[in-house]
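Here is a short report on one protein chain. Look at the model first, then read on.

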Amino acid sequence: MNVAFLRRQFSSNRWRVRATLWTAALVAGGTVVFFAKLAEWALHLFDGLVAGRPWLPFLLAPAVGMATVWLTRRYVPGAQGSGIPQVIAATRIAAKGGEVGGLVSLRIAAGKVLLGGFALLGGFSAGREGPSVQVAASILHFSHRFLPYSRAIRPQDLLIAGGAAGIAAAFNTPLAGIVFAIEELGRRLEARTSGVLVSTIIIAGLVAIALLGNYNYFGKLKVAALGDSVILPVLAGGLATGLLGGLFSRLMLWPLYRSDSPLWQWRARHPVLFAGGCGLAVALLGLVSAGASYGSGYAITAQVVAGEVQLPWYVAIARFLATLASYFSGIPGGIFAPSLAIGAGLGSTLAQLQASTDAIPLIALCMAGFLAAVTQSPITSAIIVMEMVDGHEMVISLMAIALLAKAVSSRISPELYQKLATGWLPAPRKGPEA
């Protein structure tokens, strides 16, 4: 019996499955790292171009927005927005044996990376983490054709594992990727394949660590134990981020709910011109916020969590509106990093209102709370922010504010990604730009 068991474990087919998936995970992790470096380069280039030229974004943002949307619609339809709704929709379609090439493919993955990076040259408030989900899911799904037999791993499980691998590599945290697969993508992996798929997620995360180092993108938050003082910040932050995040999520669903309104009908007829208008809005918001609303929010958030700057109250509002304008434009770009930046700005404002001598804990709490309110994935949000915290003192408080913010947000808006995914189901190539 033991010999037969060992023979099954080391059969050529089993190891071919492992080798195929692990190779795909290496490619996915490397692609996400390349995406991260491309986005970083684009953000630095934009900052260099507009330095001392406050008028330039009014030319650059509309031009880049229109070019990006035209190229996306012409060559990679299905690559709009974050890509997470597309992956969710693709898992549902694949589970029924349907064709998902319009939602996940190597062409879409390449377009997502290149056009997502290009959009950041226009100063749009968009991130790379959500798009990394679609990129990695596309690569893992492509690997299915190289498996020794078609039923070795279900296509929908590969999509889930790929999406989780994208989060793991983008945030440099395999744990968040695994939780994201369970919490947001919303499927239970088969017991007989869960081990190899989890190892695939971990490998993608380890590739990012190997190539970029064991970094914290926003730096490490040096926090002390909060003790009994945590109750009021959690309650205040949870209510504030839940309300604002729920409103944000509801507004993102506006085109889906009111597709018959004149505004969205005009966008459907003139998507490129509409993107140009969104670019003008992004430029105007950047001007009034002294540039704080431009880009993904990485730089400004890193400064806030390091205690180097205190943000004016209007920065969170400007970032909020700039992210909505960027999303409505139809460019390939996500909302994870901008949401963390909005949460950091809100936390900074609340700390100033409370005259807090140590704003960093409240900033961390509001980052987790706002992200949880927008995505309604509280555990994933808490883990992502927890990876930025140096110590275990805030683990319980991060979980508490994320759950509270999610509870408040759910009274205002349905689950964002799950709702957006329904728009891609009937006609994948003509879904909402999410």
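Start with a charge and a ring. The charged end of Arg-267 sits over the ring of Phe-274, 5.8 Å from the ring centre. Such a placement requires NZ of Lys or CZ of Arg within 6 Å of the ring centre and within 35 degrees of the ring normal. Arg-74 gives another case: its charged end sits over the ring of Tyr-75, 4.9 Å from the centre.

This is a predicted model, in which local features need pLDDT of at least 70 and side-chain atom pairs count only at pLDDT 80 or more, while totals for chains, interfaces and linings use all residues. Residues are numbered from 1 along each chain as its sequence is written, and side-chain values use heavy atoms, with hydrogens and water left out.

**Aromatic pairs**

Phe-274 also takes part in ring pairing. The whole structure holds 14 aromatic pairs. Rings of Phe, Tyr and Trp (its six-membered ring) pair if their centres lie within 6.5 Å; planes under 30 degrees apart are stacked, over 60 edge-to-face, and the rest tilted. Trp-266 and Phe-274 form a tilted pair, 6.4 Å centre to centre with 50° between the planes. Phe-274 is buried at 10% relative accessible area. Trp-266 is partly exposed at 33%. The cut-offs are under 20% relative accessible area for buried, over 50% for exposed, and partly exposed in between (1.4 Å probe, protein chains only).

Tyr-327 and Phe-328 make a tilted pair too, because their planes stand at 50°, with ring centres 5.3 Å apart. Both of these residues are buried. Which residues do ring pairs link into a cluster? They are Trp-254, Trp-264, Trp-266, Phe-274, Tyr-327 and Phe-328.

**Salt bridges**

How many salt bridges does the structure hold? There are three. The criterion is a side-chain nitrogen of Lys or Arg within 4 Å of a carboxyl oxygen of Asp or Glu.

| Lys-37 | Glu-40 | 3.4 Å |

Lys-37 and Glu-40 are separated by about one helical turn, because they lie three residues apart in helix H2 (residues 12-50). Lys-37 is partly exposed at 43% relative accessible area. Glu-40 is partly exposed at 31%.

Is Asp-157 buried or exposed? Asp-157 is buried, at 0% relative accessibility.

Arg-258 is partly exposed at 45%.

**Positive phi outside glycine**

Two loop residues deserve a look. Ala-290 has phi near 55°, a positive value in a residue other than glycine. Ala-290 sits in the loop between helix H13 (271-288) and helix H14 (298-305). Its relative accessible area is 70%, so Ala-290 is exposed.

Gln-376 also has a positive phi, about 55°, although it is not a glycine. The loop that holds Gln-376 runs between helix H17 (360-375) and helix H18 (378-386). Gln-376 is buried, at 6% relative accessibility.

**A nonpolar surface patch**

Trp-313, Tyr-314, Ile-317 and Leu-321 form a nonpolar patch on the surface. Together they have about 420 Å² of accessible area. Patches are made of residues with over 30% relative accessible area and no salt bridge; like charges are joined within 9 Å, and nonpolar side chains (Val, Leu, Ile, Met, Phe, Trp, Tyr) within 5 Å. Ile-317 lies in helix H15 (residues 314-329). Ile-317 is partly exposed, with a relative accessible area of 45%.

**The chain as a whole**

The chain has 20 helices and zero strands. These are DSSP runs, numbered from the N terminus: helices (H or I) have at least four residues, strands (E) at least two. Of its 434 residues, 58% count as buried.

The accessible surface of the chain comes to about 17,500 Å². Carbon and sulfur atoms account for 65% of that surface. Accessible areas come from the Shrake-Rupley method with a 1.4 Å probe; for residues, only the protein chains shown count as cover.

Among contacts between residues at least 6 apart in sequence, 81% join residues at least 24 apart. A contact means heavy atoms within 4.5 Å.
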